[in-house]
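Take a moment to look over the sequence and the model.

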Amino acid sequence: MTATVSFTIDSPLGPRTTTAAYERKGAGEPLLLLHGIGHHLQAWHPVTDVLAAAYDVIAVDLPGFGASEPLPHGVPYDLGTVAPALGALCAALGVERPHVAGNSLGGLLALEMGRARMVRSVTALSPAGFWTEGERRYAFAALRAMRAGATALPRSAVERLSRSAAGRTALTSTIYARPGRRSPDAVVAETLALRDATGFEETLAAGGSVRFTDDLPGLPVTIAWGSRDRLLLRRQGIRAKRTIPGARLVRLPGCGHVPMHDDPALVARVILDTIRRAQ
């Protein structure tokens, strides 16, 4: 069940309070799950139960996405604000130094939290920030096209398209390798989440100059990339490995940009293996 928590952000404008939505399940060491841009915490549902069998799993809607409030007016959606905000969110939930797994934007935020030594381990699935300028422009154009499509279609059209494998492919093939396997209800929900994401444009604007360039020595890190990622091409994983030499680089065969749906068992195993390296 989704709940909400209020927490205080230290921003360039001074302390500001906002509210985030989250789901929490299981017991044990805490594990924070961070979704990608335009998505929502439900992206993690295919792996949550497996992870919650051994850990205290907390999946959150990032500020300005899903059911979470946008950041207060004037507060930037950059790494220097959002990553500490996630630390404040964890503190509000009584969590200290969780393990963290993130996808795309969430992967970049997970690495930034690792750089700040806010977490015990990092699993980054197709993380943003290891692109060339051309690759970034391509990815941002694809994301804007997805957003434009989600915005232009009335809900009735989204629901109609989601009833067929071809329609689900048209709506979600940019991020999934096997979009036809997605349930109609899930496709409708994530299309509406993309349409209604108040933080989308400001997050893209903040990401225009982002490059992750820091090593994370002494921290267990896994970088995992889907072999069929059409949004952030898998060669970016090689750059990530060069940037973070101690990281484990894992290939996810047959998976797209959001691999939790394409191969839940494999993704859960990768996350669990990373956590065990920290113990």
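The lining of the largest cavity divides into 20 nonpolar, 4 polar and 1 charged residues. This is a predicted model, and every value here is computed from it. Why speak of empty space at all? Rolling a probe the size of a water molecule over the atoms shows where empty space is left. A search of the whole structure finds 1 cavity of 30 Å³ or more. The volume of the largest cavity is about 300 Å³. It is lined by 25 residues, and those closest to its centre are I37, L105, L108, T203 and G207.

Which elements build this lining? Two or more residues each come from α2 (79-92), α3 (105-115), α4 and α8 (200-207). Helix α8 gives the largest share, with 4 residues.

Next comes the open space. The largest pocket has a volume of about 280 Å³. Its lining holds 22 residues, and M146, L171, I175, E190 and L194 are the closest to its centre. The elements that give two or more residues to this lining are α4 (133-152), α6 (165-172) and α7 (184-195). The largest share, 5 residues, comes from α4. By class, the pocket lining has 13 nonpolar, 8 polar and 1 charged residues.

Follow α4 to its packing with α7. Two packed helices are described by the angle between their axes and the distance between the axes. For α4 and α7, the angle is about 105 degrees and the axes are 8 Å apart. Angles of 65 to 115 degrees count as roughly perpendicular, so α4 is roughly perpendicular to α7. On the α4 side, the contact is made by M146, R147, A150 and T151. On the α7 side, T191, L194 and R195 take part. By class, this contact has 3 nonpolar, 2 polar and 2 charged residues. Two of its residues, M146 and L194, are also among those closest to the centre of the largest pocket.

Finally, turn to R276. This residue is found in helix α11 (residues 264-277). Is R276 buried, exposed or partly exposed? Its relative accessible area is 48%, so R276 is partly exposed. Now find S121. R276 and S121 are 155 residues apart in sequence. In space, their C-alpha atoms are 9.2 Å apart.

Technical notes
Residues are numbered from 1 along each chain as its sequence is written. This is a predicted model: local features need pLDDT of at least 70, side-chain atom pairs count only at pLDDT 80 or more; totals for chains, interfaces and linings use all residues. Side-chain values use heavy atoms; hydrogens and water are left out. On a 1 Å grid over the protein atoms alone, a cavity is a set of points where a 1.4 Å probe fits but cannot get out, and a pocket is an open set with protein on both sides within 12 Å along at least five of seven lines; lining residues have an atom within 4 Å of a point. Grid points are joined across faces, edges and corners, and a volume is the space filled by probe spheres set on the points. Ala, Val, Leu, Ile, Met, Phe, Trp, Tyr, Cys and Pro count as nonpolar, Asp, Glu, Lys and Arg as charged, and the others, Gly among them, as polar. Buried means under 20% relative accessible area, exposed over 50%, partly exposed in between (1.4 Å probe, protein chains only). Axes are lines fitted to C-alpha atoms, for helices over the stretch in contact, and angles run from 0 to 180 degrees between N-to-C directions. Angles under 35 degrees count as roughly parallel, over 145 as roughly antiparallel, 65 to 115 as roughly perpendicular and the rest as oblique. Contact means heavy atoms within 4.5 Å.
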